[in-house]
Every structure is written in structure tokens, then in C-alpha cells.
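Please have the sequence and the model open while reading the points below.

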There are 2 protein chains.
Amino acid sequence: MNIRIYNARILTMQDGQDIFEGEIQIVGNRIAYVGKTEAMKSAIGEDTKMEESVWDREIDADQNLIMPGFKDAHTHSGMTFLRSYADDLPLSDWLNKQIFPMEAKLSPDDIYHLSKLAIMEYLTSGITANFDMYLTPDTIAKASYDSGFRTVMCGAFNNFSQSLEELEEWYLRYNDKESLVNFELGFHAEYTNSRENLEKLAALSHKYQAPMYTHSSESESEVEECRKRYGKTPTALFDELGIFDYGGACYHCVYMTDADLDIMKKKNIYVVSNPGSNTKLASGVAPIEEMLKKGIHVALGTDGPASNNCLDMFREMFLVTGLAKLKAKDASAVDANAVLRMATVEGAHAMGLSNADVLAKGKFADLIMIDLQQPNMQPINNISKNLVYSGSKQNVKMTMVNGRILYEDGKFDIGVDANEVYAKANEIMSGFTKKE
Amino acid sequence: MNIRIYNARILTMQDGQDIFEGEIQIVGNRIAYVGKTEAMKSAIGEDTKMEESVWDREIDADQNLIMPGFKDAHTHSGMTFLRSYADDLPLSDWLNKQIFPMEAKLSPDDIYHLSKLAIMEYLTSGITANFDMYLTPDTIAKASYDSGFRTVMCGAFNNFSQSLEELEEWYLRYNDKESLVNFELGFHAEYTNSRENLEKLAALSHKYQAPMYTHSSESESEVEECRKRYGKTPTALFDELGIFDYGGACYHCVYMTDADLDIMKKKNIYVVSNPGSNTKLASGVAPIEEMLKKGIHVALGTDGPASNNCLDMFREMFLVTGLAKLKAKDASAVDANAVLRMATVEGAHAMGLSNADVLAKGKFADLIMIDLQQPNMQPINNISKNLVYSGSKQNVKMTMVNGRILYEDGKFDIGVDANEVYAKANEIMSGFTKKE
């Protein structure tokens, strides 16, 4: 499809964050042109004017905002079935008594359907790509291909499930940056891996000069226990073992020493912060302002729907700055522009999607239209601040992934009826609870 | 209008929070019937069956949820013009250099239009009544009457504006619980009133045996300064002066001693918590769990759009429990049912709207329909938890105030075109910024 969107306000997220009036042209799955309306006119001119038939669709944006889609840089899509299943519980009971036993019941086919439900939720929140750590990569990949959604998967290697051979196999199988689905090396966490495993992971990363991804320093007790085992923090241990010699990202990073932060900076390891999950599970508040001051790259993730309980980047955007302000007792901490970068460009880079980071010629057409004709966006004093401080899913008018409009005006175009996906999720869950 | 809504899931918020399948009937501005479908059939029977023509409209709720509208128990509607005008600033600069000088430019007519914009935003978030502390009550009242929206106003008496005579006059003018608009006695804060003023306020409250409302203990410095002036906290001072002898509410209550909380309980003073504002302005986290444990009534407010920056009860609901969990380092703190009570029943009672608190025969028909056929509400493991932990404005399918549907499927019916309201807000703001 070739699509032209005109009469738009445009935030490209390139360099500065100026917003201009202009248009964007999508040819196939790429951005062919983005620019100001006046520049456009002279650039094309009479001679080179495209015939009308070249556009499958021309969309009048009606002065609404076109911007890059949000990148959910850490999530567990398949956990949609556990939304609101177990909340308001202490963390250890939640995980060991409720979450793990239920996950053990999942079939690969279940994960296919539950991932589709998550993809629908991403689309409603203007998320155009997710970085998914979960089980059975092949059915997650199929869910994304079938829906037309962009997903980077990562390994969850640990002492109990997934082998190193599988990890390598998946890494090689889903390794085409032109494709909708990719796979990165990853492991669940320090506390679910033996030292021997961690050493093998480092060797694998070195073999392919590949970045690595893991949960790290999410809770105080996790860091404590690592200190008892190794006499150092998880971050220091990873540094010593060379696991992140080719970069990557650590998820959560709530409890970080100053030395830990220096390692993150030195090794160019991204932090993916998950403020919604850290709040609801009472894990704590990550030192985001300190990270940014040190020049560490910070991206945002929702974490899975069992812990958050939703997949909504507007919530994460408000929380990441709000909690930083509370932590610093300073309303000027972590400003709106920094937050928008985290939710878009930094997220894309954290998950290896440098071709889907900003709106520019040649980039993948992963973009959203934000409805500004809503009371929460008026008056239009500052659009970036409106997005971060008053924006909501209700403002997402259209979500395009890889040049295809998958969500528009509340309707999905993902190859399956929404109600079928809901029915399937309820059926899976009622099957599980009946068996008990 | 007489409206029947059937095939609904219903959460009445009476007593327990069970959800049943049933229907609700609205005759004029009141609820005429609410109950289970089976009970309904036998209750009406053949003989008493209403003729079809009695219903102006019959709505198939399609298994979506009908529940009482949210009550925004503390806000400043007229401040919509300052949304995203001044953010990411230290509190004192924000207030003194940006907010106060801009507010000084407002005309009563401006406040009329800006209140309408706020009303539209309330409706999108399922809010059916607001408790508004702002200037020029007559134009605020007109905005609510013209829109069909329910508003309780309260005084903002202080050393610099509003006289005690005006306060009394407004209290007597808008004092009909059958009306859409009411007025309660109120003052801005301890720090903007002399001791003499505070004593006069106490006398006025005693004269009418009327509850009182004010901002209190929002910031650490506010409490410190009161201690310097009077040797006690604002709450202890109010207690000594007898200002809250007939109840009422204090807004914010972030910095409260144990003795303060005991006073709130003893005098039956409601706390209206504003977690969004307290977060964005870096004010701090209120001790909600301690309040609930002491049996203090807690309601929720958005505060004004200059400090939040939106009027969204879903944000407040997630934050009030999320911040309590972080504060207690306990994921079980302040559960979803407690939050739903705050956002509905407690809010209604805090603002004197006992006739709009729950869904029951004879109550005002102030209710909302929540769209459960959305990915963030699926699967349906627990609707109350879905509302609090994953709900969003996007789920608000319909908002009814006083028996009239004012918002449905994204469209407003408030006697004015939405775009006119937006244009007016932008016009007001551009007039102000040009004059500078």
C-alpha cells in the first residue's frame, strides 16, 4: 500500500523535537517522504507530481499529530491471561503461588492467542513494536507475522527451562533486520542462572558479538542475595563475566549503586525502566534522573500484564517522570522531552530497531496519529507536554506498523475478529481454573 | 427522558461490590429500577409491564458494565487554559511566576468557557460530578447548567480575594440538593488566611452547621510555616478553632502527623487525595493506608489541569493504590475495592451528594457504561481490578448525568460543538500570551 497523510502536525523525533505542519508519504513498508507542506510543494513541483492513482489512500490528518510509534522495550505478551488474576498480594506469594503455577499450564498454541490479545492492546496505546521475553518463540513470532506487528523476542535462558542450543538456534532463525520479527540473546536473571550458565552466556554473546538482555536489580532482596552469593551486585558480576561486552539492556534497574551506573555507561548497556510494574508490585523507584545525568540510555517498558496490569505507554510515560519528580522532590526532574525520547527513539535503539526509530526517509513506516481534538489535549499550549502529562490511549487515532494501518478509530485490522481473540483468552483461562 | 439499559453487567457499589447481570431503568433524572434480569422479569410481570412507548430509548449494553459515575472530589476546572503551559518547573516558580500572573487575567466569561472544556474532559473519563474550587461561581454554575453537568462549588476565601459576605451569599444562592449545582463553604488554605479570617470562617460554619472545605498539608514547607506561626499543624489549628466542627474535607493531606489523622477521624473530616497532582508537583505521597486503617474516609480528586495535567480518574485510581504500595513496600496495600469506593461513594459523600453515590432506586441517574470489549479488559478475570489496574478513558463508552446521556461513543451532547469549546480555549490563551 502507498499512503499519503497530509494536513498533519509532525513530530519526527529527529534531533530536536520541533513540531511542524506537513505531510508524510509511505511507499510499501517505508517512509518515502516526510516534510513541511511548503517544502513539499516545491520539492515535487509540476513535473514530478505523482499521479493520483499512485496512492492507495490519502488521509487528511485534520491537524492531528503524526509521530513515531511507541516502543515497548520490555514486556511478556503471553501473560495477558493473568491480568487481574492475582493482585494486591505480597510479591513472593504472587509469583510463586499464583503466577508460576498458572504459566506451567500454557501450551504453545495458548501463547499464540494470548500474544494476539497483547498485540491488540499495544495497538490501542500507539505501540508499534514490543520487546518480548517469553516462552515458545515460534508461536510468538507467528502471532506477530499473522497480525502484521513488529516484535523483537529475547531469550529467557535459565537453570530450569530453555537450553543454550535453543537460544542459539532461535537467535539464528529470527535474524533478519528486514523482517517483522527478530530475536536477541537473553536470559531470565542472575538469580535463576548458575555461574556456569552465566559464563556460557558470555561466551555465546562473544561468539556472535551480540548484545545481551536480562532482568536485573528489580528488587532489594535480589541484589542482596547476589551480594551473598558473589560478593557483588548483579551489574558488577555481569561486568566481570563479560556478558554485556557487546551492549544490550537490563530491565528494571531499580536498585543500582553508583558503580553499577558507571558500568552501564561504560559498556553502553541500556536501562529499560518499567515504572508501572515497579509501582504495582511495590518494587521501588529506579534512579532515572541519575542515569540520565550520567548519559546512560533509558528506554521504557510496560512489563507483562500480570504485574502492571496493562500495556499502556501513556501510563509509563507519566510514571517515569512523576516518580522521578517524587524521588528527587523536584518538579523539574526528567522533563517531557526526555520522556518522549525514552518511549520512542531510545526504545527502538535498545531493541536493535535503528530502522524504526524516527520519522525519516527510508525508515520503516511505524507511526501513529494522535487525536489532538480531544479535551485533554486542549488548548494546544505544548504538544509534547500534552502527550506526556495528559495524553491517554483515547488519543490514539491510528497505529501503522510496517506501512500497514493495523488500528484506526477503534477498529483493528489484524486478520482476526477482536471478539474471537477475547473469547479465546477467556476460554484458556476458564480451562485452567476448572482443572484446579 | 426515560431510558432502559438491559443486558448489562451492573456494579451498584451498594454494600459489597458484587457484579451481576441485569438492567437499569431511568425515569426522568432518577433511577427507577436496578436489578438482576431474572428478578426483573418476575417483578414486573405481565400485568404491570410498561408499554414500549414509555421508553424514549432502550439500550442493549452488550454485557458491558454499568456503574456509578466517578466523583472528582477536588479540582479547579477553570485552569484548563494552563494545561502544559508551565511544567517541569520547581513549585514556587511554577506558582508565583507562571500560574498566578496568568490567572489574574481571567474574566468571568473566560471561566465559563474554560469550565466547559473541563466538563468535556470529565465526561470522557466517566466523571459525573466535580467539586470545584475556583473563582466566579456564577459563571461556573452557568457552564454546568448549560452542559447538564453536576457540580458542587466551594469557596476559596482568603486574605486577597473573595469576601465573607460573598461566601455566605453564594452558599445561600446555590443551596438546593435537587439542583445540578450546589455550593459549600470553603477557604483557600491556612497560609492564605489570617487567624482572624479563620475565626470568622469557623463562626460562619457554626451559623449554618455547615461542613467546611480547604487545601491542607499539601507540602512539607506549608506545615513547617504553620508550625512557626501557631506552634501546631494546620489540622490541629483547624481543630482548635472549630472550623470543621460540622465535618467537610481537606484536600491533599500529604504531610499528616498521627495526631492529625486522629483529628480527621474524630471530626469526620474527609480526606480528598490528589495523587496525580502530588506526583507531578513532587509534593509527596499521602499516607492513605494509615488513613484507611484509622477508618478515615478518603475520596479522590484530580486537582486542576495546570498541576496534573489531566482530569482522569483512571490515573488517580492507579496512582492512589500504586503510591501506597510503594510507600509501604507492600503490593497488598490499598486494594482495588477500596480504590473504587474512593472514586465513587466516598467522593459523593465528601461533596454532599448522598443522592448520587450508588445505583439504587430513587438516586440521581449519574452513571457510566464501561466498555469491556477492549483488550485491556480481557480476559474478564476480575472486573473491579481491571477497572483500577488496567482501565482507561478509552473504556468509557457512555456517561450519563441526571438522567441525560452527555457523552457516548466519543460524541458530546452538551449544547455546544466540541470544536467551538477548543477554539475558545485557544483564543483565550493566545489573547493572554499576546498581551505580555
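1. Chain B can be laid on chain A by a turn of 180° and a shift of 0.0 Å along the axis, with an RMSD of 0.0 Å (copies are superposed by least squares on the C-alpha atoms of residues with pLDDT of at least 70 in both). The two copies are thus related as by a two-fold rotation axis. Gln394(B) is the residue of chain B that comes closest to the rotation axis, its C-alpha lying at 2.3 Å.

2. On provenance, this is a predicted model, in which local features need pLDDT of at least 70 and side-chain atom pairs count only at pLDDT 80 or more, while totals for chains, interfaces and linings use all residues. Residues are numbered from 1 along each chain as its sequence is written, and chains are lettered from A and ligands numbered from 1 in the order in which they are written.

3. Between the chains, 56 residues of chain B are in contact with 55 residues of chain A (contact: C-beta atoms, placed from the backbone, within 7 Å). Two or more residues each on this side of chain B come from α2, α3, α10, α12, α14 and α15 of chain B (helices are DSSP runs of H or I of at least four residues, and strands runs of E of at least two, numbered from the N terminus). α12(B) gives the most, with 6 residues. Because 98% of the interface residues of chain B are also interface residues in chain A, the copies meet through the same surface.

4. Within chain A, the domain assignment gives domain 1 (2-68 + 356-412) and domain 2 (70-354); such bounds come from an automatic or database domain assignment. The C-alpha centres of the two domains of chain A lie 29 Å apart. In chain A, 24 residues of domain 1 are in contact with 27 residues of domain 2. On the domain 1 side, α14, β15 and β16 of chain A give two or more residues, and the largest share, 5 residues, comes from α14(A).

5. Helix α9 of chain B (residues 258-266) holds the buried residues Asp260(B), Leu261(B), Ile263(B) and Met264(B), whereas Asp258(B), Ala259(B) and Lys266(B), on the other side of α9(B), are exposed. A residue is buried if 20 or more other C-beta atoms lie within 10 Å of its own, exposed if 12 or fewer, and partly exposed in between, with C-beta atoms placed from the backbone. The cover over the buried residues of α9(B) includes α8, β12 and α11 of chain B. Just after α9(B), Asn268(B) takes a positive phi of about 55°.

Terms used. Contact = placed C-beta atoms within 7 Å.
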